[in-house]
Amino acid sequence: MERAAAAALGCALRSPSPSPSPAPQWPPLLRCHRRCPPGPPRPLLPPALRFSQNRPLDMTKGQSSNSLKTFSSSGHSGVRQNNDDLVNGKLLIDCGEEQDCVLGGIVALGKFDALHIGHRELAMHASRAGTPFLLSFVGMAEVLGWTYRPPIVAQCDRKRVLSSWAPYCRNVVPLEYQVEFSKVRSLSPRQFVERLSKDLRIKGVVAGENYRFGYKASGDAAELVKLCEEFGLSAFIVRSVMDTAKRSHNGAAAAINSSDKGQVSSSRVRHALAMGDMEYVSELLGRKHRLVLMVNQKCLHERKKIVLPNSCMLNMPPAEGLYENCDLVNGEYLGPCRVIITSDTIVIEMKDENSLSPNPIQEVGQLGIEFG
């Protein structure tokens, strides 16, 4: 997470990469107990489990006050806010007043920063159950005070990546819609699922086994299944895609974060990019990493060389260094090249001096480098 303006360069910088921690034993899959209606067993969607129950709950019934207090699954109170803010605000940023863009679809839930193979797995399971959509949460860094980090996938390149998933999704391109995090951060798990059901009118959800949601991430996958049953939605909980590369750098495994259990994650992609291990990045993404550059008047163009300031980069680059065997595109393939990334500039050296027309950059405005 494309446009005709995106361009690609494929490069190979081989260095050891982080070693994932050993994969934990897979716990028993979630099971539906007393809430399941009698009758023949319903088909499962390996390696995900499907849960559905047509028993809607009306959260507003019996509510006479103008505000309500949110509670976590452990019973601790959350923040107090006006009920109108929870019910009336539009969830989808890019959908319009009717909010019917995902109507009747199966929605994969997550942040989807890297659009890696784990995210692709969620979209694949969504496509097996219905029309697949991705529901991404944006603006978390601003709300939670996190330090800004450039996206792994340029915003203008996300549609291209999702289009490449069609062969995995029954020849359907998953569409992505965004939710402003500030609009949902104070919702309890129940309120969040209620809004998915009543406002977006979806058919079901897909989430990873480690998915957390609701105020202060108080809800987990098991609670998501339970609430979806109550609101008449299907729920598919998908096992994590594990990182089997066993990479390390300088003989030491990488410390990704406290929640790392050896699964493919956006954090692992960022770490691999920071190490400059593009082979490992490609394994995690299921494709070559594409760095998108916005061309401006500061760009220097010679016969075989293009020099741009780092401020032109629209997404996260690999570590500083020399990358051979790259490819450059600007809506069409321009040719092979090598790339030199420094603290100030990015230098693109074409292998064929005839690859560049007199003004290929100004004609498009963007370039893309794919690293192999």
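1. Let's start with C95. At 15% relative accessibility, C95 counts as buried (buried means under 20% relative accessible area, exposed over 50%, and partly exposed in between, using a 1.4 Å probe and protein chains only). C95 is joined to C101 by a disulfide, with 2.2 Å from S to S; a disulfide here is a pair of cysteine sulfur atoms within 2.5 Å. The link of C95 and C101 is right-handed, with 115° about the S-S bond. A search of the whole structure turns up one disulfide.

2. A word on what you're looking at. This is a predicted model, where local features need pLDDT of at least 70 and side-chain atom pairs count only at pLDDT 80 or more, while totals for chains, interfaces and linings use all residues. Residues are numbered from 1 along each chain as its sequence is written, and side-chain values use heavy atoms, with hydrogens and water left out.

3. What about other cysteines? The sulfur of C299 has its closest cysteine sulfur in C312, but the 7.0 Å between them is too far for a bond. C299 is buried, at a relative accessible area of 14%. C169 is buried too, with a value of 1%.

4. Now the overall picture. The protein chain has nine helices and 15 strands; helices (H or I, at least four residues) and strands (E, at least two) are DSSP runs, numbered from the N terminus. Of its 372 residues, 51% count as buried. The accessible surface of the chain comes to about 18000 Å², and 51% of that belongs to carbon and sulfur atoms; such areas come from the Shrake-Rupley method with a 1.4 Å probe, and for residues only the protein chains shown count as cover.

5. Take a look at helix α7, residues 266-275. Which of its residues are buried? They are S266, R268, V269, R270, A272 and L273. Their cover includes α2 (117-129), α8 (278-285) and β9 (289-294), with contact meaning heavy atoms within 4.5 Å. After α7 comes G276, with a positive phi near 75°.

6. F112 has a positive phi, near 55°, and lies in the loop between β4 (106-110) and α2. K216 also has a positive phi near 55°, and its loop runs between β7 (204-208) and α6 (221-230). Buried or exposed? F112 is buried, with a relative accessible area of 1%, whereas K216 is exposed at 68%.

7. L356 is worth a stop. You'll find L356 in the loop between β14 (345-350) and α9 (360-364), and at 10% relative accessibility it counts as buried. Leaving out residues up to four places away in sequence, L356 touches H301, E302, R303, I306, L328, L334 and M350. L356 and K305 are 51 residues apart in sequence but 9.0 Å apart in space, C-alpha to C-alpha.

8. Last, the largest cavity, which holds about 40 Å³ of space. On a 1 Å grid over the protein atoms alone, a cavity is a set of points where a 1.4 Å probe fits but cannot get out, and lining residues have an atom within 4 Å of a point. Among the residues lining the largest cavity are I152, D157, R160, L285 and H289. Both α4 (158-163) and β9 supply at least two residues of the lining. The lining divides into four nonpolar, one polar and five charged residues; Asp, Glu, Lys and Arg count as charged, Ala, Val, Leu, Ile, Met, Phe, Trp, Tyr, Cys and Pro as nonpolar, and the others, Gly among them, as polar.

Technical notes: On a 1 Å grid over the protein atoms alone, a cavity is a set of points where a 1.4 Å probe fits but cannot get out, and a pocket is an open set with protein on both sides within 12 Å along at least five of seven lines; lining residues have an atom within 4 Å of a point. Grid points are joined across faces, edges and corners, and a volume is the space filled by probe spheres set on the points.
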